[in-house]
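The sequence and structure come first.

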Amino acid sequence: MAEKKLTLATWNIHMAIGSDGQRNLSRVVTVIRQLQAEVVGLQEVDNQLEKGRDDLQNMAEQTGMQVIAGPIMQRTRGDYGNALLTSLPVHNVERYDLSFKRREPRGLLIAELDWQGSPLQVAVTHLGLRPSERRDQVRRLCNHLVEKERTPLVLMGDFNEWFIWGRPLRQLKRHFGAIRSPATFPSRWPLLQLDHVLVKPLQCLVRKEVYCEPLARQASDHLPLVAEVCFVEPDAPLRSASRL
């Protein structure tokens, strides 16, 4: 059986506001197209409605990808939250509220995709800023992920965890195995590993790398994180190691 390679990306687009302080959705769309990924998870999507069309509709039209919205709050000019863009067939979509007390609402978006005839579960999230809310959100997130069979599974998003030894990442490590991701924030001089792509089984992860072309540095305060995964038949040997 031939290997099944797939490219995914996660990106906090910061409401399409770039490092220059200007909101420019066309820059975001251009970078998404440059990524050449079949699946892209987005956070901080400020889905503004202008002239009868919103940002997600414009993204779908300009990228040729299907867009799955994961709104978590309603604003005056549109909704706000996560989103998933994909060129793969979509079989099922689940949306969960991960909000914590009076903090900013947070959510989890899970889509079952068809990758060359096999199901693939992809989850997108954006965790809170305070340690207490992240701990609560990761606990609930993991409960949603294990309530039914979800293998292979990809979880991606902005985890907002500054410390790789923090309790939320330790909890996710028990579910996904080792967590190692390059720095993506801030986009001009990335120092913090806030964005992650986690894969189960871990052996299916081939590589992760930051997309740091000039336009990506300008388009948001985060850089996109790109991952390549390789799926094989269940009875075929998995890769012995991942290149990160």
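Phe-185 sits in the loop between H4 and S10; helices (H or I, at least four residues) and strands (E, at least two) are DSSP runs numbered from the N terminus. The model is a predicted one, in which local features need pLDDT of at least 70 and side-chain atom pairs count only at pLDDT 80 or more, while totals for chains, interfaces and linings use all residues. Residues are numbered from 1 along each chain as its sequence is written, and side-chain values use heavy atoms, with hydrogens and water left out.

With a relative accessible area of 22%, Phe-185 is partly exposed; buried means under 20%, exposed over 50% and partly exposed in between, computed with a 1.4 Å probe on protein chains only. Leaving aside neighbours within four places in sequence, Phe-185 is in contact (heavy atoms within 4.5 Å) with Pro-190, Leu-191, Leu-192, Leu-194, Asp-221 and His-222. The C-alpha atoms of Phe-185 and Ser-220 are 9.7 Å apart, and the two residues are 35 residues apart in sequence.

Pro-89 belongs to the loop between S5 and strand S6 (90-97). Its relative accessibility is 44%, so Pro-89 counts as partly exposed. Beyond its neighbours within four places in sequence, Pro-89 is in contact with Glu-112, Leu-113 and Asp-114. From the C-alpha of Pro-89 to that of Leu-113, 24 residues away along the chain, the separation is 5.7 Å.

**Helix H4**

The buried residues of H4 (residues 167-176) are Pro-168, Leu-169, Gln-171, Leu-172, His-175 and Phe-176. They lie on the same side of H4 because they cover an arc of only 160 degrees around the axis, the arc being that of the directions from the helix axis to the C-beta atoms. Helix H3 (131-146), strand S9 (153-158) and strand S10 (195-200) are among the elements that cover these residues. After H4 comes Gly-177, with a positive phi near 90 degrees.

In H1, the buried residues are Leu-25, Arg-27, Val-28, Val-29, Val-31, Ile-32 and Leu-35. Their cover includes strand S1 (4-12), strand S2 (39-50), helix H2 (55-63), S5, helix H5 (214-219) and strand S12 (225-231).

A nonpolar core is a set of buried Ala, Val, Leu, Ile, Met, Phe, Trp, Tyr and Cys residues joined through side-chain atoms within 4.5 Å. The largest has 48 residues, of which Val-28, Leu-42, Met-59, Leu-84 and Val-122 touch the most other members. Helix H1 (residues 25-35) supplies the largest share of this core, six residues. Apart from this core lies another, of 17 residues, including Leu-127, Cys-142, Phe-159 and Leu-169. Leaving aside neighbours within four places in sequence, Met-59 is in contact with Ile-13, Leu-25, Val-28, Val-29, Leu-42, Gly-64 and Leu-85.

Thr-7 lies in strand S1 and is buried, at 14% relative accessible area. Not counting residues up to four places away in sequence, Thr-7 touches Gln-36, Ala-37, Glu-38, Val-39, Val-226, Ala-227 and Glu-228.

**Backbone geometry**

Most residues other than glycine have a negative phi, and most peptide bonds are trans. The table lists departures from this pattern.

| Site | Feature | Value |
|---|---|---|
| Met-15 | positive phi | near 60 degrees |
| Gln-36 | positive phi | about 55 degrees |
| Thr-151 to Pro-152 | cis peptide bond | omega near 0 degrees |
| Lys-200 and Pro-201 | cis peptide bond | omega about 5 degrees |

Met-15, in the loop between S1 and H1, counts as buried at 18% relative accessibility. Gln-36, in the loop between H1 and S2, counts as exposed at 66%. Pro-152 is in the loop between H3 and S9, and Pro-201 is in the loop between S10 and strand S11 (205-210).

On a 1 Å grid over the protein atoms alone, a cavity is a set of points where a 1.4 Å probe fits but cannot get out, and lining residues have an atom within 4 Å of a point. Grid points are joined across faces, edges and corners, and a volume is the space filled by probe spheres set on the points. By this rule there is one cavity of 30 Å³ or more. The largest cavity has a volume of about 40 Å³ and is lined by Glu-44, Ile-72, Tyr-80, Gly-81, Asn-82, Glu-104, Pro-105, Arg-106 and His-126. Strand S5 (residues 78-86) gives the largest share of this lining, three residues.

Terms used
On a 1 Å grid over the protein atoms alone, a cavity is a set of points where a 1.4 Å probe fits but cannot get out, and a pocket is an open set with protein on both sides within 12 Å along at least five of seven lines; lining residues have an atom within 4 Å of a point.
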